[in-house]
Amino acid sequence: MNTPQPPRKDPVDAIIEQWAKVRPDLDTAAMEVFGRIHRISRAMADRSEKAYGALGLGRGEFDVLATLRRSGAPYTLSPRQLSATLMLTTGGMTGRLDKLERAGLLRRSPDPHDRRALRVTLTEEGLALVDRAVGAGLAAQTETLSAALGPERAAQLADLLRELLFTAETAER
């Protein structure tokens with residue numbers, strides 16, 4: 001008969017143990033959850049960035065291309081819409097757009113409805129590259145999720161995190 005294995009220790013456990021020694025009065029249950037969410041987010045961002053890097057993209061460039069791709073055909077947004085979606089300053093956005101335009105992944109053109117405005121559109125090359133990049137990033141995420149949880153537990157976790165995110169974001173307002 002298999003005896004259940006004790007849970008593996010992780011760096012968050014070490015932090016919790018340290019707090020228990022110096023402040024045994026604290027309830028650190030929330031720290032266990034949010035500390036792990038933070039560390040998972042960092043680790044998976046690193047893995048995704050590595051996948052994008054193999055295709056010649058940094059995270060910032062990927063974010064711009066992916067935002068245009070998600071907007072649907074004709075994959076066009078204004079620089080202001082991109083800045084708002086990505087929470088970037090216009091200066092930060094301009095640098096990214098310059099780099100991506102030089103690489104032939106997007107083009108800027110005058111807005112036909114407003115002579116003072118521009119439109120940013122994915123090129124065919126940009127569309128093909130972002131599709132490969134999003135596939136590579138998702139493959140890294142799926143591999144980790146599947147290895148740790150499997151489909152049913154991953155779906156349960158997604159539901160729990162959705163509730164937690166909703167509560168966290170509503171509490172801010």
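In the predicted model, Thr67 is found in helix α3. The relative accessible area of Thr67 is 5%, so this residue is classed as buried, the cut-off for that class being under 20%. The side chain of Thr67 has a polar atom 2.7 Å from the backbone oxygen of Asp63. With residues up to four places away in sequence set aside, Thr67 touches Leu77, Leu82, Thr85 and Leu86.

Helix α3 covers residues 59–70, and strand β1 covers residues 76–77. The loop between these two elements holds Pro74 and also Tyr75. Two backbone features were computed here. The peptide bond that runs from Ala73 to Pro74 is cis, and its omega is near 10 degrees. Tyr75 is not a glycine, yet its phi is positive, at about 60 degrees. Most peptide bonds are trans, and a negative phi is found for most residues other than glycine. Tyr75 has a relative accessibility of 18% and therefore counts as buried.

Thr121 counts as buried because its relative accessibility is 9%. Apart from neighbours within four places in sequence, the residues in contact with Thr121 are Pro74, Tyr75, Thr76, Leu106 and Arg107. With Thr76, the contact includes a polar pair: the side chains of Thr121 and Thr76 make a polar contact at 2.8 Å.

A positive phi is also found at Met87, again not a glycine, with a value of about 55 degrees. Met87 is found in the loop between α4, residues 79–86, and α5, residues 90–102. Whereas Tyr75 is buried at 18%, Met87 has a relative accessible area of 74% and is therefore exposed. Thr90 lies in helix α5. The relative accessibility of Thr90 is 62%, so Thr90 counts as exposed. The C-alpha atoms of Thr90 and Arg80 are 7.3 Å apart in space, and the two residues are separated by 10 residues in sequence.

Val33 has a relative accessibility of 42% and so counts as partly exposed, a class that lies between the limits of 20% for buried and 50% for exposed.

The unreviewed UniProt entry carries the annotation "domain: HTH marR-type" for residues 30–166. In the model, this span is 72% helix and 12% strand. The C-alpha atoms at the ends of the span, residues 30 and 166, lie 16 Å apart.

Note on methods
Residues numbered from 1 in each chain as written. Predicted model: local features only at pLDDT ≥ 70, side-chain atom pairs only at ≥ 80, totals over all residues. Heavy atoms only, no water. Buried < 20%, exposed > 50% of the residue type's maximum accessible area, 1.4 Å probe, protein only. Helix = DSSP H or I, 4+ residues; strand = E, 2+ residues; numbered from the N terminus. Polar contact = N/O pair within 3.5 Å; in protein donor to acceptor, adjacent residues only side chain to side chain. Contact = heavy atoms within 4.5 Å. UniProt positions renumbered as here; feature names shortened; annotations may be inferred.
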